[in-house]
Amino acid sequence: MTIASAALLLFLILDPLGNIPVFLSMLRRLTPQRQRIVLARELLIALFVLMLFLWAGKYALEVMHLRQESVAIAGGIVLFLIGIRMIFPPPEGLMGEIPDGEPFIVPMAIPLVAGPSGMAAVMLMGSNEPDRLGEWSLALLIAWGATAAILFSATYLYKLLGARALTALERLMGMLLVAISVQMLLDGIIGFVRMGMASA
């Protein structure tokens, strides 16, 4: 996987376009200046969490005695479910009921930006090819930077594209996520089968 393809994968998982309506709804009670401060804070928290999973994921797997194939299969399943919810969103929205008040960590930073699928994806990258952690960090920064740019332009983009166009884009991204999740799931199953055959 190249840096560009990893960045694209992470960008799809972070789903900034799908998060625009949710973020606008959560920040609407705040002043414009406070909105920018809260958004910057939440995005930085999400970046810290994802970087932590990227760099420490390999050691976490070793401590919990989890195989990389298990994380790949679990990440594929979670990613598949999120992709399905993006294509067929429930009436209450992708993340359910939105809490009142100024958001702090939950749900903006986690799980809207740094969700379980993103954590699983960066953990897999770091554990599968630990010698490329610098490249994966760059890919994560590119995806995070694009996500931040879109979310800081959320009001403008919402007015420009409208709710229908954003919904269509989110469903398209959901279809791509479903395809990626199936590939991740198949890779995990193939790796597990190969390991079983090697040990037999």
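The radius of gyration is taken here over C-alpha atoms, and the rule for a globule is 2.2 Å times the number of residues to the power 0.38. For 200 residues a compact globule would therefore have a radius of gyration near 16 Å, and the value of 17 Å for the chain agrees with this. The model is a predicted one.

## Overall build

The secondary structure consists of eight helices and zero strands. Read from the N terminus, the order of elements is α-α-α-α-α-α-α-α. Along the principal axes, the C-alpha atoms occupy a box of roughly 60 × 30 × 30 Å. Of the 200 residues in the chain, 44% count as buried. Among contacts with a separation of 6 or more, 88% are between residues 24 or more positions apart.

## Two helix pairs

Helix α2, residues 16–27, packs on helix α8, residues 154–199. The angle of this pair is about 130°, and the axes lie 8 Å apart. The crossing of α2 and α8 is left-handed. On the α2 side, the contact is made by P16, L17, G18, I20, P21 and L24. On the α8 side, A154, T155, L157, Y158, L166, L169, E170 and M173 take part. Sorted by type, the residues of the α2 and α8 contact are eleven nonpolar, two polar and one charged.

The second pair is formed by α4 and helix α6, the latter spanning residues 116–128. Their packing angle is about 150°, with 9 Å between the axes. That makes α4 roughly antiparallel to α6, since angles over 145 degrees are counted that way. The crossing of α4 with α6 is left-handed. The α4 residues in this contact are Q68, V71, A72, G75, V78, L79 and I82. They meet P116, S117, A120, M123, L124, S127 and N128 of α6. By type, the residues of the α4 and α6 contact comprise nine nonpolar, five polar and no charged.

Helix α4 covers residues 68–87 and includes A74. E69 is also found in α4. With a relative accessibility of 16%, E69 counts as buried, because the cut-off for buried is under 20%. Apart from neighbours within four places in sequence, E69 is in contact with G188, G191, F192 and M195.

A74 has a relative accessibility of 41% and so counts as partly exposed. The C-alpha atoms of A74 and L185 are separated by 7.7 Å, although the two residues are 111 residues apart along the chain.

## Backbone features

| Peptide bond | Omega |
|---|---|
| V106 to P107 | about 0° |
| I110 to P111 | near 10° |

P107 is found in the loop between α4 and α5, whereas P111 is found in helix α5.

Positive phi values also occur in residues other than glycine. H65 has a phi near 55°. This residue is placed in the loop between α3, residues 32–63, and α4. H65 is exposed, with a relative accessible area of 71%.

I105 is not a glycine either, and its phi is positive at about 70°. The loop between α4 and α5 holds I105. I105 is partly exposed, its relative accessible area being 27%. The loop between α4 and α5 therefore carries both the positive phi of I105 and P107, the residue joined to V106 by a cis bond.

Notes: Residues numbered from 1 in each chain as written. Predicted model: local features only at pLDDT ≥ 70, side-chain atom pairs only at ≥ 80, totals over all residues. Heavy atoms only, no water. Axes fitted to C-alpha atoms, helices over the stretch in contact; angles between N-to-C directions. Helix = DSSP H or I, 4+ residues; strand = E, 2+ residues; numbered from the N terminus. Left-handed = near helix turned anticlockwise from the far one by under 90°. Contact = heavy atoms within 4.5 Å. Nonpolar A, V, L, I, M, F, W, Y, C, P; charged D, E, K, R; others polar. Buried < 20%, exposed > 50% of the residue type's maximum accessible area, 1.4 Å probe, protein only. Parallel < 35°, antiparallel > 145°, perpendicular 65-115°, else oblique.
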